[in-house]
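Please look at the structure shown here together with its sequence, and keep both in view while you read the briefing. The points are grouped by topic, so that each can be followed in turn on the picture.

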Amino acid sequence: MSHEYPETFARFYDLIYHHLRDSADSAFYLGEIRKTKGRVLEIGTGTGRFFLSSLREGADIYGIDISPSMVNVLREKLNSKDQHRISLQSIVDFSFKTRFDLIIAPFRVFMHLIEKKDQIKAINNVYLHLKRGGRFIFDAFIPDLKSLLNGITNQVDFDGEYEPGNRVKRTVSTKPDLINQLINIDFLIEWDETGEKKQEHWLTPLRYFFRYELEHLVERSDFKNYKILGDFNGNELNQKSVEFIVVCQK
Ligand SMILES: C[S@@+](CC[C@H](N)C(=O)[O-])C[C@H]1O[C@@H](n2cnc3c(N)ncnc32)[C@H](O)[C@@H]1O
């Protein structure tokens, strides 16, 4: 199954996620990039939610993503002198000659890896591309067992104008696949276009993690030092945590 993000999803991504997600993670990731003196790689750059402002602030940042539709949206925003910073590559087997001081995979990129062998290859590939002392940061949500089991049915998570007079609405439904540890998500995007109502579904699985599985995974990798934070303010995991933020150091 392809996990590439479709064109319609990429088209409305900025509008929806600057609104839904910036307040949660943006200060944290932008702060980590800002305090890095050296080269940064963002994996799963998407349409450039962090990439663009970091570049404007002067970061020496590179980006990879596997979805051509997402990369195309980002490319349109970049000057020709910065196009070389972006490439279509997967976290599993990307390759650069250079080594990085910070590698980040923000906002569920790692949850797109369904297979154990891809997860371990990805972490070790990141390790290979870090300088000694360099860090790798990624996040995953902590499964809320009630909504995981019951699933979500037709929850509207965005409804607004994308241009004057034209609206876009996104509706999310989920179903668990417990034995394969997946949440199968059905995104329905409905939008107005040239006087018509359009709609498109995108079905995609996300691999959910529990705490000790993540710990085992990192401990099986080449990283020897890591910690898992429970929020984007730097707090330890606690009963109220809704995020795993994994910080590994080479
Ligand atoms: C939820 S988006 C996050 C985008 C961006 N980091 C942000 O925070 O807005 C996840 C991104 O990961 C990308 N992705 C999924 N699997 C990937 C892989 N194996 N390697 C690199 N990128 C991947 C998707 O194409 C998508 O752009």
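What follows is a briefing on the sheet, the hairpin, the helices, the cores and a few individual residues.

This is a predicted model. Seven strands form an open sheet with mixed pairing, and the largest nonpolar core has 56 residues. Helix 1 lies across several strands, among them strand 1 (39–43) and strand 5, and helix 1 also gives that core its largest share of residues.

**The open sheet**

- The seven strands of the open sheet follow one another in the order 3-2-1-4-5-11-10, and their pairing is mixed.
- Strand 3 and strand 10 (225–229) are the edge strands, since each of them pairs on one side only.
- On average, and with direction ignored, neighbouring strands of this sheet are turned by 15° against each other.
- Strands of a sheet pair through backbone hydrogen bonds, and they can do so either parallel or antiparallel.
- Strand 4 and strand 5 (residues 130–141) run parallel and are joined by five bridges, and leucine 102 stands opposite arginine 135 in strand 5.

- Strand 8 (residues 182–193) pairs with strand 9 (residues 196–207) in the antiparallel sense, and the pairing extends over twelve bridges.
- Within this pairing, isoleucine 189 has glutamate 200 in strand 9 as its bridge partner.
- The two strands form a hairpin with two residues between them, and in the turn threonine 194 has a positive phi of about 40°.

**Helices and what they pack against**

- Helix 1 lies across strand 1 (39–43), strand 2, strand 4, strand 5 and strand 11 (243–249), and its direction is at about 175° to strand 5.
- Helix 4 lies across strand 1, strand 4 and strand 5, and it runs at about 145° to strand 5.
- In helix 3 (residues 68–77), the buried residues are Ser69, Met70, Val71 and Leu74, and these pack against helix 1 (7–34), helix 2 (51–56), strand 2 (60–65) and strand 3 (86–88).
- Two packed helices are described by the angle between their axes and the distance between the axes.
- For helix 4 and helix 6 (residues 211–220), the angle is about 55° and the axes are 9 Å apart, so the two helices are oblique to each other.
- The crossing of helix 4 and helix 6 is right-handed, and in it Gln119, Ile120 and Ile123 of helix 4 meet Leu217, Val218 and Arg220 of helix 6.

**The nonpolar cores**

- Among the 56 residues of the largest nonpolar core, those that touch the most other members are Leu41, Ile43, Ile91, Phe110, Val126, Phe136 and Phe223.
- Helix 1 supplies six residues to this core, which is the largest share.
- A second, separate core has 22 residues, including Phe28, Ile33, Leu55 and Ile137.
- When its neighbours within four places in sequence are left aside, valine 126 is in contact with Ile43, Ile91, Phe94, Ile103, Phe136 and Phe223.

- Phenylalanine 107 is found in the loop between strand 4 (100–105) and helix 4 (116–128), and its phi is near 65°, a positive value in a residue other than glycine.
- Phenylalanine 107 counts as buried because its relative accessibility is 16%, and buried means under 20%.
- Glutamine 181, which is in the loop between strand 7 (166–177) and strand 8, likewise has a positive phi, of about 55°, although it is not a glycine.
- Threonine 174 is found in strand 7, and it counts as buried because its relative accessibility is 14%.
- If residues up to four places away in sequence are not counted, threonine 174 touches Gly151, Ile152, Ile183, Asn184 and Ile185.
- Aspartate 22 lies in helix 1, and it counts as partly exposed because its relative accessibility is 23%.
- Apart from its neighbours within four places in sequence, aspartate 22 is in contact with Tyr17 and Arg49.
- Aspartate 22 and arginine 49 are 27 residues apart along the chain, and their C-alpha atoms are separated by 8.4 Å.

Note on methods: Residues are numbered from 1 along each chain as its sequence is written. This is a predicted model: local features need pLDDT of at least 70, side-chain atom pairs count only at pLDDT 80 or more; totals for chains, interfaces and linings use all residues. Side-chain values use heavy atoms; hydrogens and water are left out. Two strands pair if DSSP finds at least two bridges between them. Helices (H or I, at least four residues) and strands (E, at least two) are DSSP runs, numbered from the N terminus. Buried means under 20% relative accessible area, exposed over 50%, partly exposed in between (1.4 Å probe, protein chains only). Contact means heavy atoms within 4.5 Å. A nonpolar core is a set of buried Ala, Val, Leu, Ile, Met, Phe, Trp, Tyr and Cys residues joined through side-chain atoms within 4.5 Å. Axes are lines fitted to C-alpha atoms, for helices over the stretch in contact, and angles run from 0 to 180 degrees between N-to-C directions. Angles under 35 degrees count as roughly parallel, over 145 as roughly antiparallel, 65 to 115 as roughly perpendicular and the rest as oblique. A crossing is left-handed if the near helix is turned anticlockwise from the far one by less than a right angle, and right-handed if clockwise.
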